[in-house]
Structure formats: C-alpha cells, structure tokens
Amino acid sequence: MIWRRFPLLLLACLSTFPIAASAQTAPAPPALVAEKDMPADPRFSADRVKADVAFLADDLLEGRDTGSIGYEIAARYVAQRFASLGLTPLGDRKDGKSDWLQRVTFQKTERLDVPSGIAVTGPAGSASFAHAVDSFVGVSANEPRLDVSAPLVFVGYGFKNDRLGIDDYKGLDVKGKIVVMLRGFPEGLPSEPAAYLVNSKYKFAQAHGAIGVIQIDTDQSAKMRPWERRISSAFQPSFSWVGPDGRAFDETPNIRVGASVSDKAAQAMFAGAARSLAQVRKEAGRKGARPTGFALKTSARIFGESKSSRVTSPNVVAMIPGSDPALAGEYVILSGHLDHIGVSPAKPDDAPGKDRINNGALDNAAGVATLMEVAHVMANEQNKPRRSVIFLASTAEEKGLLGADYYARHPTVPIEKIVGNVDLDMPVLTYSFVDVTAYGADHSTLGALTAQAVAPMKVTVAPDPIPEETVFVRSDHYMFVQQGVPAVFLATGFGNGGEAAYRRYDGDNYHQVGDDMNQPIDWRAGARFAEANYRITRAMADGDTPPLWLKGDFFGDLFAPKAKKAEPGK
C-alpha cells in the first residue's frame with residue numbers, strides 16, 4: 001500500500017474534564033468481542049483465503065515486484081482462478097477475443113552515477129547542494145539529461161482553487177521560473193480537499209507557466225518526515241506507464257524538474273529575501289495561516305542524468321456478466337493491487353542467508369485473496385448480480401497507483417458505464433474486526449449503502465480514524481474517482497483491538513520482511529472481510545439506482561460535474 005509510506009499519526013484520547021493525573025484511575029479497557037460471537041456466512045471459506053494468501057506470499061514469488069517473474073506468476077495464478085470459476089476474461093483483445101491480462105508497459109527511470117543536485121546563486125554568492133545530501137532531485141521520464149536554470153519565486157503552499165477561495169499565485173509572475181513552495185497544507189483546511197490540493201501542486205504550477213518545482217519543509221512537515229528519512233529513497237527508480245504514443249505518461253510535461261531541499265539549501269534560496277525563511281515558517285505554524293508569495297532574489301540550476309528501460313506488467317481483469325438486461329451494461333468494480341515491493345537490496349553487514357524477501361502477505365495478498373473469495377461465492381450463485389461485476393487485480397500500485405490509473409484511463413469497458421468501485425488494500429487481519437472504515441464514504445451514496453450492507457454481520461462503519469493521513473487520495477480507488485466514478489477504499493476498523501493491531505503492523509511489518517505467513521493472521525476474519533465486501537458489491541450491483549455523488553460534494557463537483565447527484569442524507 002503506497003499511502004502507508006507516510007507516518008501514521010497516533011490518535012490521542014482527551015478527557016472531558018481536566019482532572020489531575022494523580023487523582024485519576026485508568027479506566028479498564030473494554031472487553032473484546034470474541035470471534036465466535038461474530039456471525040459469519042459459511043459460504044466464505046477461511047481455508048480458501050489462507051491458501052490464496054499462502055501462495056501469493058510464498059518466497060517463490062520474491063515479493064511480486066512490478067515487472068518481475070514473481071509478479072507474472074501471481075498474475076497467472078489469479079487468472080487461472082478466475083478461469084476455473086467460469087468468469088469472463090476482460091483484458092486485452094487478441095484475435096477478436098479478450099484475454100485475462102491487460103498488459104501495461106512501464107518506463108523505468110534510474111539515476112546515473114554522475115553529479116546531480118541544485119546550485120543556488122544570489123546575494124550571498126553561489127552554493128551547491130548535492131542530491132541525497134541536501135537536495136532530492138527527481139528524475140524525468142522524458143528528459144534524461146536535466147539541466148534547468150531559472151529565477152526562484154516563493155508561492156506559499158502553491159494552491160489554486162476557486163471553490164475554497166484560495167489563490168497562492170495571485171499577483172505573482174512565475175512564467176519560465178522555478179517555484180518554491182511549502183510542503184503539505186495549512187491546518188484548518190478540510191483534510192480530503194486539502195489532499196487533492198497537495199496532489200495537484202505541479203498542475204497548478206504548470207497552469208501558471210512555471211518550469212520547475214522545489215518543495216521546502218514547514219516545521220510540522222519536518223517533524224512528520226525528517227530530512228534523513230526523506231532522502232532514504234533518493235536512489236530508487238521511478239516508474240511511469242507508457243501511452244499509445246510511446247511516451248511515458250506525464251500529467252505535467254511542462255514542469256521539467258521537481259525537487260525537495262534540506263533546511264540548509266532552503267536558507268540559501270531565501271538569502272536577501274523580503275521575508276526570511278524563519279518568518280515564513282513561523283506564520284505557516286499558525287492555524288489557518290497561508291504565507292503569501294513573493295519573488296526571491298536567488299536563482300537555481302537543477303541538474304542530473306538518468307537512463308530508462310521498458311518493462312511490462314499486467315493487470316488481471318475478469319467479469320461476471322449482469323443478469324438484468326436493463327442493467328447488465330453497467331459495471332461495478334471490486335479491485336485490489338497484486339504487486340508488492342520485491343526483494344530488499346543486500347547490505348554489507350547482512351548476515352549470511354538473511355531474509356530480504358518482502359512477501360506482502362497483508363499488503364496486498366490478503367486483499368487479492370478477498371477479491372478472489374468474493375468472485376468464488378458470486379460465481380457459484382444461481383442468482384447472478386443485476387449489473388456486471390468486474391474483478392480487477394492491478395499492478396504497480398506500489399510504484400504510484402499506476403496499474404489502476406492505466407485501467408481507469410484505458411478501461412476495457414466504457415468508463416461512463418462504470419458506476420462504482422470498492423478497493424481492497426492491506427486489510428489487517430490479525431484480530432476479530434467489528435467495524436470497517438470506508439474511506440471516501442462521505443462523498444457519495446456508497447456511505448449509506450456500505451453501512452446497510454454490513455449491518456447484518458453486526459459490523460458498523462466507523463468514521464475515518466486518521467483524517468490527517470488523507471487516505472482517500474492514497475490508494476487505487478482514487479484513480480477511478482478522478483474519472484468521475486464514486487468509490488470507497490474498505491479497511492478493517494480500529495474497534496475491538498484494531499487500532500493496536502494497526503500500530504503493531506505499521507511499526508513491525510509494513511513494507512518489511514515480517515509481512516509474511518508467520519504473522520498471527522486470523523483467517524476467519526479474512527473470510528468475514530470477504531463476506532463484507534461481497535455484501536457491498538452485491539448491493540452496488542443489485543440496486544435500482546447506481547451509486548451517486550452527493551449534491552455539493554467537493555470531489556463529485558470536481559470530477560463529475562454533470563453527473564446526477566443525490567441529496568445528502570438520502
């Protein structure tokens with residue numbers, strides 16, 4: 001799961017009354033609900049879920065990295081499971097027939113071992129800041145030899161949105177220049193619209209004519225992700241999917257270079273400026289404050305070189321055709337990413353035979369096993385869903401949600417006929433869950449639909465427990481949202497010991513070799529999670545009305561402005 005690369009902010013519980021600590025008695029923890037007390041549909045098999053996770057997380061597959069043989073084995077395993085269930089293939093068309101696989105070509109861009117970094121020139125003279133020391137210079141998929149020089153302009157957070165009344169570019173001339181912007185977003189903005197703004201910073205810069213972006217830390221962002229941790233991935237390759245024109249896809253081709261800098265380099269960029277970096281950061285630390293921009297008195301040269309190669313890796317796509325002639329031409333998608341991060345590089349001090357395989361049992365073999373279990377039960381039912389149901393096991397999620405993005409932009413059915421999506425990513429199945437979180441549920445009728453669907457299981461839908469993490473925009477479902485499709489990302493909740501389970505997994509096993517079959521996985525919880533997703537998928541597929549964005553919703557208005565909307569609360 002890519003979004004979990006961001007540090008989990010732990011929740012704090014505040015007492016209603018300010019009683020002195022010495023006078024308090026710690027409340028007893030609530031009794032946990034026993035597994036046997038949670039109802040389960042016997043059609044969903046814990047053993048099948050376990051067997052699928054065991055295969056996909058086996059060392060033989062070497063962590064299912066994008067473009068690897070291990071991933072190809074996993075993709076063919078999923079395809080053959082779909083075939084054995086009698087599903088309809090819905091991948092690439094070959095000789096007039098559809099295949100199970102939608103083959104995606106990726107461009108893999110790697111940094112060359114030559115000097116790269118940022119040189120800053122201004123009133124204090126010139127100074128250079130090397131990549132992976134005091135700068136982090138991104139590689140360009142379509143410009144292997146980067147050498148970009150331009151004046152610098154500070155643009156605050158770099159946001160532009162009329163609905164929220166924000167224009168950080170007002171009165172600034174950034175055409176042909178490199179913009180310097182604060183990382184993150186100011187406290188006080190709604191978290192999910194703010195996350196959209198953060199994800200769109202390069203688009204805003206391009207729309208105003210900038211040719212480069214440099215991000216600098218606020219005091220808060222530096223605490224959340226220290227510079228030393230940020231540069232730990234400074235030499236990882238980047239991936240882009242390749243479009244029909246043969247070029248690596250780039251949403252902001254006019255932004256020739258993107259970079260981040262340390263505090264030392266940021267200080268150099270603000271040399272002689274109208275306001276100091278310290279003043280800007282102090283203002284940014286106040287709730288709701290957005291420092292205004294101004295031209296800096298410095299310029300920067302950003303340079304580096306890279307090489308590129310092409311790899312392919314498939315999405316796996318299958319379908320159960322709808323049974324209602326009037327609705328069969330509409331599609332709901334149940335998705336989950338099949339890839340993981342592969343094998344960690346060896347370190348000089350590694351012990352002989354040290355395990356370096358990141359098996360990805362929960363991230364996301366468990367999600368794909370859930371998807372296949374739903375397909376198994378649905379395929380064996382006599383009464384098939386009214387709408388057609390697509391099962392999508394996507395590739396390259398760990399590289400930036402790329403497989404889902406490719407499918408959402410190149411779907412094998414008309415995109416306007418895809419009416420809803422539920423995405424499964426990294427369910428933590430080490431406890432008996434009593435609630436689920438449907439990230440994004442507040443934006444569409446999928447919120448009420450999800451709650452009604454899982455209620456017979458004695459499962460509730462809990463509010464987002466970590467809104468500051470803006471999970472809604474950080475997994476595959478958001479690629480469908482950007483195409484106007486109502487979507488949610490379903491996760492096991494924080495109730496009944498779930499928060500502690502998340503903390504343990506995040507600290508001990510996430511993106512580490514410990515995410516394997518040696519974890520204390522509760523397979524009955526896996527079967528119940530499959531049942532929950534089945535119920536939600538069937539409700540989407542069988543409803544008289546498809547999922548609808550809520551009237552006045554930020555994302556519905558942004559990505560589906562002409563779509564029919566539902567009144568909030570209905």
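Where does Asn496 lie? Asn496 sits in the loop between β21 and α13 (498-508); helices here are DSSP runs of H or I with at least four residues, strands are runs of E with at least two, and both are numbered from the N terminus. Keep in mind that this is a predicted model, where local features need pLDDT of at least 70, side-chain atom pairs count only at pLDDT 80 or more, and totals for chains, interfaces and linings use all residues. Residues are numbered from 1 along each chain as its sequence is written, and side-chain values use heavy atoms, with hydrogens and water left out.

- Asn496 counts as buried because its relative accessibility is 15%, buried being under 20% relative accessible area, exposed over 50% and partly exposed in between (1.4 Å probe, protein chains only).
- A polar atom of the Asn496 side chain lies 2.7 Å from the backbone oxygen of Ser432.
- From Asn496 to Lys175 it's 54 Å, C-alpha to C-alpha, and 321 residues in sequence.
- Ser313 is found in strand β15 and is buried, with a relative accessible area of 0%.
- The Ser313 side chain makes a polar contact with the side chain of Thr395 at 2.7 Å. (A polar contact is a pair of N or O atoms within 3.5 Å; within protein, one must be able to donate a hydrogen and the other to accept it, and residues adjacent in sequence count only if both atoms are side-chain atoms.)
- Phe106, in strand β4 (residues 101-111), counts as buried because its relative accessibility is 0%.
- The C-alpha atoms of Phe106 and Phe239 are separated by 6.3 Å, though the two are 133 residues apart along the chain.

**Aromatic rings**

- There are 22 aromatic pairs, taking rings of Phe, Tyr and Trp (its six-membered ring) with centres within 6.5 Å; planes under 30 degrees apart count as stacked, over 60 as edge-to-face and the rest as tilted.
- Tyr439 and Phe489 are stacked, because their ring centres are 5.4 Å apart and their planes stand at 25°.
- That pair links distant parts of the chain, with Tyr439 in strand β19 (residues 435-439) and Phe489 in strand β21 (residues 487-492), 50 residues apart.
- Both Tyr439 and Phe489 are buried.
- One aromatic cluster is made up of Tyr196, Phe204, Phe472, Tyr478, Phe554, Phe555 and Phe559.
- Arg301 lies over the face of Phe303, 4.4 Å from the ring centre, and the charged end of Arg528 sits over the ring of Phe433, 4.7 Å from its centre. (The rule wants NZ of Lys or CZ of Arg within 6 Å of the ring centre and within 35 degrees of the ring normal.)

**Cavity and pocket**

- A search of the whole structure turns up one cavity of 30 Å³ or more. (On a 1 Å grid over the protein atoms alone, a cavity is a set of points where a 1.4 Å probe fits but cannot get out, and a pocket is an open set with protein on both sides within 12 Å along at least five of seven lines; lining residues have an atom within 4 Å of a point.)
- The largest cavity holds about 40 Å³ of space, a volume being the space filled by probe spheres set on grid points joined across faces, edges and corners.
- Strand β15 (residues 294-320) gives the most to the lining of the largest cavity, with three residues.
- The second largest pocket has about 350 Å³ of space, and of its 18 lining residues the closest to its centre are Glu416, Ile418, Val419, Gly484 and Ala563.
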